[in-house]
Amino acid sequence: MINTMKKTIFLMMALLYSINGLATTVLISTNKGDIYVDLYDEKMPNTVKNFLSYVNDGFYEGTIFHRVISTFMIQGGGYDKNLARKETKAEIKNEANAEMKNLRGTIAMARLPTPHSATAQFFINVQDNPSLNHTGEQNTRTWGYAVFGHVIQGMEVVDDIRFVETGGKQQFRKDLPLETVEILAVKVVEKAPLKETASAQ
């Protein structure tokens, strides 16, 4: 009961944050449809700044969602359609200690096993993933994964992606979509109509 109340309060605060115009909105256009995301500019300033630097450079155009797990998350932003890894900027400090939760519909930075190794890759949680939350600074697991925004429109697109058939190819063992799920563009936009939020799923 307490956890449900906490989740509800968090999502209500996120929605108010969006309505009051305090968040940057980005549009992730894919060949499956459009996903609108509000970023946590104030709570996660360095993570958002890093993400927007890639957005403004057009880095994500032509990248793919290369890791899809239907009961976990969809991950993209690091490989092109030929499965070649794109060159990135320097790694950034993990801001997961701000304790934004990995709830369904939130977007977070992917990283290597070391806590402060995120660059350009991101993932969208398709369910609540408490195991990814920050619980301390003892090791890589307790550090968690930095959530820096949430989907305000387009969760049906996220769900379309999460259920594509996956398999193995080249360096990808089993979670690569067998049909290419391409990110056509990511750009900053005006507010999208709030037809749905992560809390509505």
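Visitor: Which residues form one aromatic cluster?
Guide: The model is predicted, so side-chain atom pairs count only at pLDDT 80 or more. By the ring-centre rule, the count comes to 10 aromatic pairs. One aromatic cluster is formed by Phe51, Tyr54, Phe59, Tyr60, Phe65, Phe122 and Phe148.

Visitor: What kind of aromatic pair do Phe51 and Tyr60 form?
Guide: Their ring centres are 5.4 Å apart, and a pair needs centres within 6.5 Å. The angle between the planes is 35°. Stacked needs under 30 degrees and edge-to-face over 60, so this pair is tilted.

Visitor: Is Phe51 buried or exposed?
Guide: Buried means under 20% relative accessible area. Tyr60, its ring partner, has 1% relative accessibility and therefore counts as buried. Phe51 has 0% relative accessibility, so Phe51 is buried.

Visitor: How many residues apart in sequence are the parts that Tyr79 and Phe172 tie together?
Guide: The ring centres of Tyr79 and Phe172 lie 5.0 Å apart, and with planes at 75° the pair is edge-to-face. Both Tyr79 and Phe172 are buried. Tyr79 belongs to strand β4 and Phe172 to strand β9, so the pair links parts whose separation in sequence is 93 residues.

Visitor: What does helix α2 reach from its first C-alpha to its last?
Guide: Helix α2 covers residues 45-56, which makes 12 residues. At 1.5 Å a residue, the expected span is 16 Å. The model comes close to that, with a reach of 16 Å.

Visitor: Which elements do the buried residues of α2 pack against?
Guide: In α2, the buried residues are Thr47, Val48, Asn50, Phe51, Leu52, Tyr54 and Val55. Past the helix comes Gly58, with a positive phi near 70°. The buried residues of α2 pack against β1, β2, β5, β6, β7 and β10.

Visitor: Which element gives the most to the lining of the largest pocket?
Guide: The largest pocket holds about 710 Å³ of space. It is lined by 28 residues, and those closest to its centre are His66, Arg67, Gln75, Arg111 and Gln121. Two or more lining residues come from each of β3 (63-69), β4 (73-80) and β9 (172-177). With 5 residues, the element that gives the most is β9.

Visitor: How many charged residues are in the lining of the largest pocket?
Guide: The lining divides by class into nonpolar, polar and charged residues.

Visitor: About how much space lies in the largest cavity?
Guide: There are 2 cavities of 30 Å³ or more. The largest cavity is lined by residues including Thr47, Ile92, Met109, Arg111 and Tyr145. By class, its lining has 5 nonpolar, 3 polar and 2 charged residues. The space in the largest cavity is about 40 Å³.

Visitor: Which residues does Glu137 touch, not counting residues up to four places away in sequence?
Guide: Glu137 sits in the loop between β6 and α3 (140-143). Its C-alpha is 9.9 Å from that of Ala96, while the two are 41 residues apart in sequence. Contact means heavy atoms within 4.5 Å. With residues up to four places away left out, Glu137 touches Asn97, Thr142 and Trp143.

Methods. Residues numbered from 1 in each chain as written. Heavy atoms only, no water. 1 Å grid on protein atoms, 1.4 Å probe; cavity = no way out; pocket = protein on both sides within 12 Å on 5 of 7 lines; lining within 4 Å. Points joined across faces, edges and corners; volume = space filled by probe spheres on them. Helix = DSSP H or I, 4+ residues; strand = E, 2+ residues; numbered from the N terminus. Nonpolar A, V, L, I, M, F, W, Y, C, P; charged D, E, K, R; others polar. Expected span 1.5 Å × (residues − 1). Buried < 20%, exposed > 50% of the residue type's maximum accessible area, 1.4 Å probe, protein only. Phe/Tyr/Trp six-rings, centres within 6.5 Å; stacked < 30°, edge-to-face > 60°.
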